Structure formats: structure tokens, C-alpha cells
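Here is a note for a colleague who is meeting this structure for the first time. Please read the numbered points beside the model.

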Amino acid sequence: MGFHFQCLWVLLLCLTGEGLVRALQSAGGLACNWGTRSTHQLPPSIVVKLLKDNGFSKVKLFEADVGALQALGRSGIQVMVGIPNEFLAPLASSVTVAEKWVSQNVSSYISKNGVDIRYVAVGNEPFLQNYKDTFLHTTFPALQNIQAALIKAGLARQVKVTIPLNADVYQTDSGLPSGGNFRSDIHALMMSIMKFLRDNNGVLTINIYPFLSLQADPDFPKEFAFFNNTAKPVVDGSISYTNLLDANFDTCIAALEKNGFSSLPVIVGEIGWPTDGDPNANIKDARRFNQGLVNRILAGQGTPKRSTAPEIYIFALIDEDAKSVLPGNFERHWGMFNYDGSIKYPLDIGSGKSLVPAKGVRYLARQWCVMSPDASTSDPNLAQSVNYACTYADCTSLGYGSSCGMLDAKSNASYAFNMYFQTMDQRKGACNFSGLSVTTNVDPTPTQNGQRSSCRFKIMIDLRKHEPARRSPALPAAGLREQSSYKVMMGLLVLVLVSTLIV
């Protein structure tokens, strides 16, 4: 079809109600990560409708979630299916295991459900320095076996393999992107993986997080995280870098060029900004960052070393209240949408169109669990009750600098009690904290200048009124390090709450 006819076709589509979304999809559209670590998952059919309504034509799943994959069938959305790190060892041990995984999680969904699977992501940041050598010896064999399984299934042309890697797999001794090279401790392994990806038409996926760079370094220039060209530039020869995405991506490109892989395709698998759980995680900065990111995606903007725009998967679509808080409380708040698909902040997704919320969400009864007006903050059972509530529900919004961090003592306890009550589906006995709590039909969400504050007292999704939330096969429990880190984080949070109550 000729260029002028394509332009006319897009123009005609724009005259229809779904014109913008379809035009976005034809141009490559927006891409995002859809995580499912939630106590009350938004039904997959509603999520797919949410994706389509907002022009997302590509989605990345962290695991082969049954409900998500079935809902994505014949949706027109391209899918990257992830394999959790826990599966790397068995996949590396036998090509037969890999063949079974591909048959169950790729072939069947393509043939029976019409899912447009384009990538299989083997592992998730397996060479993260914090993992030490946990996955060093299983990742590459697992990749090889998955590729062999795709070839046997006749899917190797349609489905490409990749490994999502954290940006810490490369570094620069000079401090400039042009000095980029892969870490010395994994250099030989990276060379083998890069060669394998190149020879099998695979792609390299890297995760870039300006927010985490800001968190890790108190001297990091905050403006360099954004896309307004207001940061002091980093001058690298004839190139001036004004944002971290360009500089980090080009450091990776320099590492590839230095080692003979200059033409290997690179995807940005995760990039985004959280809205809560830390002073730097807030609505204002998240909106600013993601709007700048969306603008460059829609404009097809590349980087100084690669003018062709890479695929970029925004992290993330929806908040996940059951994620590990190992990196920080903000881990549960990366979504552009709240847990229920409601909008956190407006984003222009092209031609003046804004995000639209999820439709058809059904909630539990309109009631909350709060601290009783007759209860005292000096009650000796209060600290233990708050501790119990926050052990089994998400209290990360109560941390220092978070959206609910400025609540008074009673409201603090009320928030904790309500999160437990909602997480437990408002069932009988879930609002019984040693006589310190009562249920109410009056929304306790605080107001500021007559408007609801950003500290929301939630009512959870009623899973009984929706389709069954089907999960992929159970994964192994979190490792001891992750479990202990979670307990430490929650312990520190409880100490903050208790100190507030005492005051």
C-alpha cells in the first residue's frame, strides 16, 4: 500500500470513535508491563479492555498467567511471555522440560486462543548483582533449550527469545556512555548470550530505571531523570546527553558495538516512575516522567547512537499490592492506574486524548473498618493490632513521605485496620482488633481544602462478582532472603506507626 494511501487510511480512522487507538496500534502503539501480584486482581477481561481503550498494542507478562493469556486471545495485542527465575534451573536441565513449557504456555495459546505471542522472556534480571551467582549457570542453557523448543514447535520465526536484564550488566569506567562495556565478571557469558541472540534473530531486553538511580545516589541530579532538556548535559564527544534514558541506553549500545554486536536489536523492557511509598515516589513526578516518556514514544524518538526508536514497555500498568517490598515500599505503586483500573493522573496519549479508566469493575460493600471513636491511642493492644493488620495487608502508603504518612494517630490505625478488612474481603471478624475498631458507612478518606486527599481508604474489588481469577501453576515460595527482607521492611514500618501513635 502506498505512502499517501496509508496516510489517507489513518486520517479516515481518526474520524471514527476508535480512530486514535487503531492509529496508535498501526504505528506500533504503546507497550506496558502487566503484573499480577495482587490480592484482588482486576479481572483479565477488564484489563485487556483497559489496554485497548488506551492504545496499548503490546504487553509484557512476567509469567504465563492463564487468565491473562486467555483474555489476550484475538485481542490484537502483541504479547511477551515471561519465565520466572525459579523456572530457569529445570528448563536448563532438559530440553524436554522446555518443550513441555513451550507446548503448554506458547503453542496452545497461539493455536487454541489466538494469542499473538511475539517474545518469550527467559528469566527476569537473572544477573542482578544482588543475586550473586544464583542464576549464572542456568540462564543461558534455559535460553538455548527454549529456543530449541520453539524451533521444534515450528514457532521460531514468529516467537523470538530474549532475556530481560538489569542495566547493571554493563558499566562505563569513563563515566560516559561511549565507555560502555559489559561487567567483567559476566563478560564471557554475555558474549555467548549476545552471539546466540544474534544467530537466532533474538533481541536483548534491558530495564532502565531513572527513579532507582535517584534513590541510590543522593547526589544524582534529579532533572537528568526527566525529558525536559533542563538538566546539565553530559558531554560525550560530539554528543550531549540531557536525560538518563538516552545515556543509559547508549552505554548499552556502546558495549554492544565494542564487542561486535552493533546491529543486535535492543528493547527497553521496563521503565517508569512509582507514585507512593517514598518521598520521591509521588503523583507529580510520575506524571511528569511518564508524560515525557509517552511523548517520545509517540514521536518515534530514538537515542543519539540509535536514531530508530526502540520498543519501550512502560512499567507498569496497574499497582500490585502483593509484590515484594525488597527494593522499597514503592514497589507496590508503579502503576499508571490504581489497583482497580482507576486513573491516578491524566496522561495525553496523543491528539489530545487522555487515559480512560477501567469499565465494569465491581466492588465490595461500601463500608470501612476504622478505629473506634471510644478507643484510645494509649491502649496497650493498639500497637500489636496495627502490627497484625500490616503483616497481612499493604500498609506501604503509611511510610515516611508517602501519601498517608501525615495522618494523625487514630487515622493511622484506621488505615491499617481498613486495609486488613478489605484484603480479607470484609468477612465477619475481619474488623475485630481487641475492641479497638468498628465498621462505618462513612468514607474516612481525609479531605484537604474540601477535596479528597491522595490518601485513599480503599474498598477492594469483589472477586465473587467477577469471573474466577485463574492463576498460572504455583511458583515456589519467596526465598529466605526476600522473606526476611519483607519482614524487616514491615517491622520498620510498624515502628514508625507505633511511634506516631505514642506521640
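This is a predicted model: local features need pLDDT of at least 70, side-chain atom pairs count only at pLDDT 80 or more; totals for chains, interfaces and linings use all residues.

1. Helices (H or I, at least four residues) and strands (E, at least two) are DSSP runs, numbered from the N terminus. Residues are numbered from 1 along each chain as its sequence is written, and side-chain values use heavy atoms, with hydrogens and water left out.

2. Is glycine 302 buried or exposed? Glycine 302 counts as buried because its relative accessibility is 11%, where buried means under 20% relative accessible area, exposed over 50%, and partly exposed in between (1.4 Å probe, protein chains only). Leaving aside residues up to four places away in sequence, glycine 302 touches Asp246, Arg296, Ser307, Thr308, Ala309 and Pro310, a contact being heavy atoms within 4.5 Å. Aspartate 246 lies 56 residues from glycine 302 in sequence, and their C-alpha atoms are 8.2 Å apart.

3. The protein as a whole has 14 helices and 16 strands. Of its 503 residues, 53% are buried. Among contacts with a separation of 6 or more, 72% are between residues 24 or more positions apart.

4. A barrel is closed by 8 strands in the order β1-β2-β3-β4-β5-β8-β11-β12, with parallel pairing; two strands pair if DSSP finds at least two bridges between them. Neighbouring strands of this sheet are turned by 30° against each other on average, direction ignored. Strands β11 (residues 266-271) and β12 (residues 312-314) run parallel and are joined by 2 bridges, and isoleucine 271 stands opposite isoleucine 314 in β12.

5. Helix α6 (residues 95-113) packs on the sheet, where it touches β3 and β4 (116-122), and its direction makes about 160° with that of β4. Helix α7 (residues 139-152) also packs on the sheet, touching β3, β4 and β5 (160-166), and makes about 160° with the direction of β5. For these angles, axes are lines fitted to C-alpha atoms, for helices over the stretch in contact, and the values run from 0 to 180 degrees between N-to-C directions.

6. Which residues of helix α3 (residues 44-53) are buried? They are Pro44, Ile46, Val47, Val48, Leu50 and Leu51, and what covers them includes β1 (30-34), β2 and α4 (66-71). After α3 comes glycine 55, whose phi is positive, near 80°.

7. A search of the whole structure finds 6 cavities of 30 Å³ or more. On a 1 Å grid over the protein atoms alone, a cavity is a set of points where a 1.4 Å probe fits but cannot get out, and lining residues have an atom within 4 Å of a point. Grid points are joined across faces, edges and corners, and a volume is the space filled by probe spheres set on the points.

8. The largest cavity has a volume of about 90 Å³, and its lining includes Trp34, Val47 and Tyr339. That lining divides into 5 nonpolar, 5 polar and 1 charged residues, where Ala, Val, Leu, Ile, Met, Phe, Trp, Tyr, Cys and Pro count as nonpolar, Asp, Glu, Lys and Arg as charged, and the others, Gly among them, as polar.

Note on methods. On a 1 Å grid over the protein atoms alone, a cavity is a set of points where a 1.4 Å probe fits but cannot get out, and a pocket is an open set with protein on both sides within 12 Å along at least five of seven lines; lining residues have an atom within 4 Å of a point.
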